[in-house]
Amino acid sequence: MLPDASTTAALPPGPALSRQRQLLAWIFRPEWLMEQGRRECGEVFTLHLPLGPVVAISDPSALRTIFTGDPETVRAGEGNAPLEPVVGPESLLLLDGARHLRRRRLVLPPFHGERLQAYADDMAEIAARDLATWPLGEPFALEPRMRAITLAIIVRVVFGIEDGERAAALRALVPQLLPDTALSSLVLLPALRRDLGPRSPWMRFLAARDAVDALLFAEIGARRGDPELRGRTDVLSLLLAARDEDGQPLTDRELRDELMTLLLAGHETTATALAWTFELLHRHPEAHARASAEARAAVGAPGAPTPWLDAVAAETLRLKPPLPFAVRRLTAPLHVAGHDLPAGARVAPCIYLTHRRADLYPQPTAFRPQRFLEQGPETYGWLPFGGGIRRCVGAAFAQLELRSVLRTVLAGARLRPADPRPERTRRRAIVLTPSRGARSVLVSRG
């Protein structure tokens, strides 16, 4: 639901750019647009984006108000509504209120505790197998390799798909949902959901989604009939066994939507974070050398602490969060950061700008992993996984995945940048990625 004209008129001012220029900037220069808004308007400003106006906020005290606000008033599910064509109406991302709490209790357990740690070996094995295929001595883009790794991890660890043909088919179909272009996410706009022939963007999207759905429903059905279900440890099997307080399981439709959510939120974002990590290490040789030495020292000791690698990952997520906003929709007026925002407004804690506050992070544009050795992340100042009761349920899984893949690659390969120029940011579907895919050269293995 888009805000009406009266709601829009009551919103804070934004940068002195026409709505058309803001739309183009959001697609092609999103970081510049957010920074321009703060330069002109301060910590609270309105941007006119493809799905309508959004109030961007980057003051931590205001973010606390939003993240801890009444979930009946500050609705994350309604804020995420544009994702419905991909993740489905039963996705945890789109639920609010009691339905969200019930689903969260069912979905959260597989992503925490001992179950989570058991996935680390599979993650490392998948990364090592992919690393063995990288070209030696030739420039190549790391980001597609990171996407291949994180997708393979989703297929094996989350979905538990063991049939080789079904796994290969799924890996081939997923990139077709949201192709690798800045404009690809626009297919989700209501105005563009039109049948303009079988090769039109919306119809290609629907065909890919239907094919993915067929595979997922087939896997869910087969797994329900698996006599060994109780002994399996993949996330899908654990979700099939989960029961709510009334003893009710997740339906096939609910399972499908959660699996699609994990595909979108767990595959794309983690791959992007990994690509940015290597791109930033390329530009900071001392940090790169220290990370490689720590990774090699941890070989054969999966549980060994890696404080520098953890700090590198945290600093990458601070400087280059894959998703710049966490959108909420107000169902009642809210006073926040000195502004009276009307019901119907879409409010967006701006992760990107919050992470670049000089009062929280001295030299905010500098890559300084050591800052996370000196102090832990700020509760409302480090938000790559959102905040409050809507914080990403897969945050611990994603951080384990980042650590496992980084360890494996840094211990098993010597990489250098393929180009001396740092890479800019570009939009790829819903995430913000290195413009040239973190182009690298594999100097040697081992």
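**Sheet.** I started with strand S2 (residues 52-57) and S8, which pair in the parallel sense over three bridges. Strands here are DSSP runs of E of at least two residues, helices are runs of H or I of at least four, and both are numbered from the N terminus. Two strands count as paired if DSSP finds at least two bridges between them. Ala56 stands opposite Ala348 in S8.

This is a predicted model, where local features need pLDDT of at least 70 and side-chain atom pairs count only at pLDDT 80 or more, while totals for chains, interfaces and linings use all residues. Residues are numbered from 1 along each chain as its sequence is written, and side-chain values use heavy atoms, with hydrogens and water left out.

Next I checked strand S5 (residues 328-330). S5 runs antiparallel to S8, and two bridges join them. Arg329 stands opposite Arg346 in S8. S5 also pairs with S3 in the antiparallel sense, again over two bridges. There, Arg75 stands opposite Arg329.

I then wrote down the whole order. The sheet is open, has five strands in the order S1-S2-S8-S5-S3, and its pairing is mixed. Strand S1 (44-49) and strand S3 (74-75) are the edges, each pairing on one side only.

Which way do the residues of S8 point? Arg346 and Ala348 point one way from S8 (residues 346-349), Val347 and Pro349 the other way, and all are buried. Buried means under 20% relative accessible area, exposed over 50%, and partly exposed in between, with a 1.4 Å probe and protein chains only.

Helix H4 (residues 60-67) lies across S2, S3, S5 and S8, and runs at about 125° to S8. Axes are lines fitted to C-alpha atoms, for helices over the stretch in contact, and angles run from 0 to 180 degrees between N-to-C directions.

**Cavity.** I found two cavities of 30 Å³ or more. A cavity is a set of points on a 1 Å grid over the protein atoms alone where a 1.4 Å probe fits but cannot get out; lining residues have an atom within 4 Å of a point. Points are joined across faces, edges and corners, and the volume is the space filled by probe spheres set on them.

I looked up the second largest cavity, with about 90 Å³ of space. Its lining includes Val86, Val174, Met260 and Glu268. H11 and H14 are the elements that give two or more residues to this lining. H14 gives the largest share, five residues.

**Val174.** This lining residue lies in helix H11 (residues 164-177). Val174 is buried, with a relative accessible area of 7%. Leaving aside neighbours within four places in sequence, I found Val174 in contact (heavy atoms within 4.5 Å) with Leu151, Leu263 and His267. Its C-alpha atom is separated by 34 Å from that of Pro307, 133 residues apart along the chain.

What do the buried residues of H7 pack against? They pack against helix H13 (235-241) and helix H14 (252-282). Among the buried residues of H7 (residues 97-107) are His100, Arg103 and Leu106.

Glu90 lies in the loop between helix H6 (84-87) and H7. Is Glu90 buried or exposed? Glu90 is buried, because its relative accessible area is 18%. Leaving aside neighbours within four places in sequence, its contacts include Arg99, Arg103, Arg253 and Asp257.

Note on methods
1 Å grid on protein atoms, 1.4 Å probe; cavity = no way out; pocket = protein on both sides within 12 Å on 5 of 7 lines; lining within 4 Å.
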